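Come along and check each entry as you read.

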Amino acid sequence: MSDMDLAVEDGVVGGGEGDGSGDGNGNGDGNGNGNGNGDLRHGASAPTVSHGDAQRDRTGLRFADVCATLPLAGPLADTLAGPQWAAAWADAIVCFWETECALGTLDVDQPLYVLDVTPGRGVLAWLLVQAIEDRLPSSGVAGVDWRYLVCDDGCEEGGEAGEVDAVATASTAHETLQRLRAHPRFAALIETGRVDTARWSISADGAVRPDGRQTVMARLANPVVAVAAGWCSRQRADLYAAHYGQWLEAEVDIDVSADAAAYTLSYRWQPASTDDFPPAWAPLAERYVASLVSACVLLPTGAMALVDSLRRLSGDRYLLLACDIGASSETDLCDGALSAPDAWLPGDTSVPVNFHALAWRQPSAWVMQRQTDAHDLAVQAVWSRAGIEPPMAARLKLTDIIERYEPCDPRRLAQVAESVAEHAPLDTLATLLRASAYDPAVLAAMLPDWSARSTQFSGASNEAVQMWRRAFARTWRHHLPDTRTAQFDVQLASAVAALGDWQLAKEIWRSVLVVDENARIGGVRGVGQTRRLGEENAANVAQAENVARAENAANDQHHARWRACVHLHLAHCLASSGELPEACKHVAHAHSLDPDDPDVRAWQTELEARAARRRALPWYRPELARDAGLSIEPLGVEHADALLAAFTDPHLAALANLPSLNESQDVRTWLEADAAEAGRTSYAVMDAWRGFVGVVSLCRAGDAAHFYFWIDAHAQGQGYGTRAARLLFEQARADGIADIFTASYAANARSHAALRRLGFDRLPVRPAAEPEVGFFHLCTAPATTAGAAAHVSLKDTIARFTSLCEAIDAPVELAVETA
């Protein structure tokens, strides 16, 4: 053999002399040409390493050791997870459970388990739990007891193997689970028992150990669902090659750049024998040698450990759902889909998965797998029933579920949204968001230009505003906030507040603060978190940590200003929805963080003055002013803008006997006159969700008062008026008012119904000049000591009403109503 025929001893796999090009079927041109479809020189091949090269930093490594030690890309679930993906997999899981239940293989007295081995930030887990909960009530397994275990995936990033150091760019898997347990949304799910974290000893005994219970699950009674999104590409894989009838194994040399921004990998190929393979893999290696001309082959030995563990845990009854970078057919292998990388980018490189091999190793299971339209991404569903094939109808249904979803569609929709966000009409953006099933990634592409749309919403219909409120709420439900999403969270909170959905805005702002606080408690930022491969100089490490500490100190002030801004926004939302005391606390917190900010100082002055004015009102008792999310507070100029926005119904002024309020100055003039009127006590009706929704008011003379109320046309029919009036009457009763009178037009049937619910009785009189108006009376006097209400005759009641009207400068000539 010449040194150019198969220069294995020099680290080269190639053809004969020449440039190595040909038809890829072993048919050279006499000069060793071999540029075939699956030639090893496709993508990451076996580059020549001459004896004269400089000494490599790490040499002669197995590729599996490289996979275990160099920093891999983040979990695919964090990159692509969205509501559509979760919906598809939830459909698959429910289909699996329904089928097994119909076949009598489920023990309904035992829980069903979903094991998620790639938690990452928890995005897919969060979405998948929601999607399953949404589907189960209408399924054939409604009411079944099921649990979702977010498992330690067994991939210890930053670990060590042999002499290869790792870049510790992420926490260990156990720390990831601890962060998820501390996350407010997961903590709430864990509290219900539906979700838990667990350690799954995939490479050891295969047992699952939930963190919330002192138990070891070595064998489960029911079939198991396993979710592996991006997990397989983060496990060990052995690199071989089938090359013109030979089976070769790779040795890897790693060249570390000065700044460790990337690692250059070089490959030397040595002959290997399939006879030395473990019996489970040897037949597949022989098949590849026979069927592949010249192609790299990655054997997923690490990923296969999951399958073996799943078999033991479930008694070979399971559904495995996987999605990853990889190849699903031998044709993909021929096309070079499993070529190993020439360069390894820390935190950005994934090892492609040989799904064809994984399917081959599960011969008794039914497997549905395909390449997605993003060709490097493969999806696999494995349904094992201990050697029994699933029913045809169930296979067809599961196939349809897996085939109809493209994992990259939301990313493409986000790109479209980003390209049109600045100029597209609101209904176009709503269509894109709806098409994505309200994916946060799609909304995130729209929000940077959202502030410019305030004028569009000012002229939009109530239906359009409500539609966007619902869209924002659905998208927030699908979102899992953390420190990486802070910019999106802030933008969304601002957009939601601009639409007046105060409850959702408050929830988002509070989430921003909680997530930030948890991150600060959970770790020290920037110190000791980056260690380069081969960086062994203690002085360099110390210098890097000193720089990190200096950067953290410089950022502390900026971070304090940022938190002050969040507290200020939250205070605004609270004050706008009837929670002034809580708003004052947050603005005070903002002032303690950033005392020199003029906006903070101005808001603190305004809210403190507002609170002082209310404390000075003898007729306002805040302890009697709240009913769950609804409250009443003294009406003032701070409500002017909201009152003007609510005063859009042209019939409202007539029905409430109010002047027309068309301009901001009109509203302020009316508010000043209302506050100056003798005996007048007016309250704004504040809802925790919508903010200002109306007014309730009394005009008092002695121990009697005249009552009126009005509710925003868009908020009517939801009980606001009745609940607010009851709060008002509690204030009146505490202030010694014994009789409350009111008037209503005969055509105002909704008002009449509310008055009846409040206990008003209709008086048998009407204004002589306005026969269409009726009068009503409510006695608020406390019961006598004997336990019976004081008796007042109808004649006396009408006389008290007449006296009240004269006292408040609204005299009326009464006529007796006729039947």
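Here are my entries on a pair of helices and then a sheet.

Entry 1, ground rules. I am working with a predicted model, where local features need pLDDT of at least 70, side-chain atom pairs count only at pLDDT 80 or more, and totals for chains, interfaces and linings use all residues. I number residues from 1 along each chain as its sequence is written, and side-chain values use heavy atoms, with hydrogens and water left out.

I looked up helix α3 (residues 83-102) and helix α4 (residues 123-135), which pack at about 50° with axes 8 Å apart. Helices here are DSSP runs of H or I with at least four residues, and strands are runs of E with at least two, numbered from the N terminus. Axes are lines fitted to C-alpha atoms, for helices over the stretch in contact, and angles run from 0 to 180 degrees between N-to-C directions. The contact (heavy atoms within 4.5 Å) includes Trp85, Trp89 and Trp97 of α3 and Leu124, Leu127 and Leu128 of α4.

I found eight strands in an open sheet, ordered β16-β17-β18-β19-β20-β21-β24-β22, with mixed pairing. Two strands pair if DSSP finds at least two bridges between them. β16 (626-627) and β22 (761-762) are the edges, each with a single partner strand, so one side of each has no neighbour in the sheet.

β19 (residues 691-701) and β20 (residues 704-711) pair in the antiparallel sense over eight bridges. I noted Val696 opposite Phe709 in β20.

Helix α27 (residues 794-807) lies across β19, β20, β21 and β24, at about 80° to β21.
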